[in-house]
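Here is a structure to look over.

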Amino acid sequence: MKKRVMVAMSGGVDSAVAAALLQKQGYEIIGATMCFSAAGARGSYGQGSASGGHLLDEESIDNRKKPSCCGMQGIEDARKTAHALGIKHYVFSFGRALEEKIIKNFSAEYLAGRTPNPCVRCNQFLKFDLLFKKAMALSCDYLATGHYVKLSYNRRARQYLLKKAKDTKKDQSYFLYVIKKEILPYLLFPLGNYTKEEVRLLAHNFNLPVSNKLSSQEICFIPNDNYRSFISERIERCIGPGPLIHIDGRVLGEHQGIPFYTIGQRKALGGGNRIPLYVIRIDNRENTIILGEQKHTYAQALIADNLNFLTQLLPKKIIAIDTKIRYNHQQVKSRLIPINKESVRIEFSLPQRAVTPGQSVVFYRRDVILGGGIIAKSL
């Protein structure tokens, strides 16, 4: 009997090729698209069919307010791919979950002077929680996605290991440290051993209707990729100007609102400042932005909380690790020092620039993801 796999299909090339590869390997495939429209708040979902499945009506999915990945175009592209592969296609409305788990946190974090990573929370609460539960409820053996990451089983250690992808430029392991290790045996990542160029070629070879579709780098729920406008509309009454202060105490001017700034951001100031200044600290209690020179943007260590470990429990002693503090950040050798059950201290071998509260810090040992957490403060 064929193993059944639900493939998360965004309407893009990567998830389409993931579905095609697994089908070719002999799995029974069903496609699933997460819709974040207003209809999503009503909790409806499409009943799949071999012709591509049910779509929420166009009127309830306003492309002026919704991004391409979960608007009509994204759903239609996923439906076309499902039709081309001859598989069932479900559309799950996750609008309420997006609002409660992602958007509220996104707004609150910026208001608190932190810089959140909504893609990490989407993986934590939507893809690998709600969607995973939908897959299990539909009697699937696995949930698969088009992430560039590897998953393997270590027989000696008797555990599943999440590893970096073959394509180091597209590797998405940084965003996946939040997966609970208990569900790793029920996940598939078919693209881990392919480069993006190879995936594009496969899309053409499989004659997929999205083979020429461009990739999107935008935050999925932010129209026109303008997060400042999005934040202003949601929490306008909470945003007010305040002082811009040099690290030496001098008042340099006035900022336009804490949510519009992030650590490491270069700030252009009038008055003939010859030395570039950068945001080095955000004090939301005092509604103050602290600026300094580039040398002030470096930190030797950080405190992280909201931890999740994939290969072990929270270490009880100091361990050597490699660390990434941003998606495109180069790994740096570090020491992980347990503080308590909820937090750790990470000490870098070399000072790191723009360690940003709210962002994720991910722990590696060579190409294996050990776990990660949220940066609480830089030191």
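Q: What volume does the second largest pocket have?
A: This is a predicted model. Rolling a probe the size of a water molecule over the atoms shows where empty space is left. For the second largest pocket, the volume comes to about 440 Å³.

Q: Which element gives the most residues to the lining of the second largest pocket?
A: In total, 21 residues line this pocket, and among the closest to its centre are Ile280, Arg281 and Ile282. Strands S11 (277-283), S13 (298-309) and S18 (368-378) each give two or more residues to the lining. The most, 4 residues, come from S11.

Q: How many residues of that lining are nonpolar, polar and charged?
A: The pocket's lining holds 21 residues, Pro357 and Ser378 among them. They divide into 5 charged, 5 polar and 11 nonpolar.

Q: Which strands stand at the edges of the open sheet of 5 strands, and why is one side of each left without a neighbour?
A: The order in the sheet is S9-S8-S12-S11-S10, with mixed pairing.

Q: What percentage of the residues in the protein is buried?
A: Buried means under 20% relative accessible area. The protein has 379 residues, and the buried share is 51%.

Conventions
Residues numbered from 1 in each chain as written. Predicted model: local features only at pLDDT ≥ 70, side-chain atom pairs only at ≥ 80, totals over all residues. Heavy atoms only, no water. 1 Å grid on protein atoms, 1.4 Å probe; cavity = no way out; pocket = protein on both sides within 12 Å on 5 of 7 lines; lining within 4 Å. Points joined across faces, edges and corners; volume = space filled by probe spheres on them. Nonpolar A, V, L, I, M, F, W, Y, C, P; charged D, E, K, R; others polar. Buried < 20%, exposed > 50% of the residue type's maximum accessible area, 1.4 Å probe, protein only. Pairing = 2+ DSSP bridges.
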